[in-house]
Amino acid sequence: MLVVMKAQATPEQIQAVCDAIAQLGFRAHPLPGAQRTAIGITGNQGEVERGNLEALPGVAEVIRVTKPYKLASRDVKEEDTVIRFAGTDAALGGNGLAAIAGPCSIESREQAFAIAEKIAAAGAQFFRGGAYKPRTSPYSFQGLGLDALKIMAEIRDQFGLRIVTEAIDSETLDLVAEWADVIQIGARNMQNFSLLKRAGRLRKPVLIKRGLSATLEEFLMAAEYVMSEGNYQVSLCERGVRTFSDHARNTLDLSVIPAIRRVSHLPILVDPSHGTGRRDSVLPMARAAVAAGADGILVEVHHQPEKALSDGPQSIYPDQFARMMDDLAQIAPVVGRRLARGIRVETPVAEHA
Ligand code: PEP
Ligand code: MN
């Protein structure tokens, strides 16, 4: 259910409705919009008795949300969600297109800094790097763990880049939340519901990658798990799905972009690296993603991909990344967007907070 407040409803009236919802034993999720505030109700098994709520001051109407995902739905919030990063001009969602780039794994301080320097010079606002790697084989490189998180915090201090990195379980979730700016939930964990719920109890942006064979509804339900716990700073990332096609590692499903934008207000990014698995396919698919309306690109970059400990074949060289940024900057205006280039850090970067 959804309580739509009148445009002129006061903060006190909104609070009173939230209190009334809590008294009924449900959870209230006030979602302010440009025109009016809507309050999502979760925790109810069936229909909420709407009469009492409808009678409260400031309430315009109480409506049923028919989709299984509610807080992620455009029915509940019409305007696109924009996730901002305090003290900077970086954002996920909104008019600016975000570029998130970096190696699959942090392998050493030297490796990470060599790549970060190039990425910052090309104008990315976000640096990615795996500290905890969900590898198919237990014998493959598993990541440097906390040392990698510390290296990335140094990269934020030096270049201003905001840090995106994956948490693979509840233990690493707390560490990633402490050290990074965006918590990535990987494709293999997209339906790890206890992890999603725990991420929902944090107040840090979460980026959820699409599961290996997840439908649009399953993808949005993953976001719903996080949001149902009160963390609304969720963005999505298409990274390819499994199909019969064998010319690429995965099939990058760009048609999910307009499909998500139609039904959800959450930012949707695209990862052409995992989506194709091939260096030579990354640039064309990144261009296509922006043309199709993606809110940003997440891409793997390595200065020596032939030596990379993971995902070398799909990692592009720094100069290819710079070229990609130039191309995306040109394509963006065609679809009414602008590539966010270079990060402005307005306040000194805090100690990993
Ligand atoms: C990654 O981003 O390095 C990664 C492991 O991605 P995914 O979860 O999409 O496979
Ligand atoms: Mn990878």
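Me: Is Cys 237 buried or exposed, and what is its relative accessible area?
Reply: This is a predicted model, in which local features need pLDDT of at least 70, side-chain atom pairs count only at pLDDT 80 or more, and totals for chains, interfaces and linings use all residues. Residues are numbered from 1 along each chain as its sequence is written, chains are lettered from A and ligands numbered from 1 in the order in which they are written, and side-chain values use heavy atoms, with hydrogens and water left out. Buried means under 20% relative accessible area, exposed over 50% and partly exposed in between, with a 1.4 Å probe and protein chains only. Cys 237 is therefore buried, and its relative accessible area is 0%.

Me: How many disulfides are there?
Reply: A disulfide is a pair of cysteine sulfur atoms within 2.5 Å. The cysteine sulfur closest to that of Cys 237 belongs to Cys 104, and at 13 Å it is too far for a bond. By this rule the number of disulfides is zero.

Me: Which residues coordinate the manganese ion (ligand 2)?
Reply: Donors are N, O and S atoms within 2.8 Å of the metal (3.2 Å for Na, K and Ca); water is not among the atoms, so sites may look incomplete. Along the chain, the donors follow the spacing C-x169-H-x25-E-x10-D. At 2.0 to 2.3 Å, the coordinating residues are Cys 104 (SG), His 274 (NE2), Glu 300 (OE) and Asp 311 (OD).

Me: Which helix and which strand hold His 274 and Glu 300?
Reply: Helices (H or I, at least four residues) and strands (E, at least two) are DSSP runs, numbered from the N terminus. His 274 is buried at 8% relative accessible area, and Glu 300 is buried at 0%. The pair ties together parts 26 residues apart in sequence, because His 274 lies in helix H9 (residues 272-276) and Glu 300 in strand E14 (residues 296-300).

Me: What is the distance from an oxygen atom of ligand 1 to an N or O atom in the side chain of Arg 239?
Reply: A polar contact is a pair of N or O atoms within 3.5 Å; within protein, one must be able to donate a hydrogen and the other to accept it, and residues adjacent in sequence count only if both atoms are side-chain atoms. Oxygen atoms of ligand 1 lie 3.0 Å from such an atom of Gln 184 and 2.9 Å from a polar side-chain atom of Arg 188. For Arg 239, the distance is 2.6 Å.
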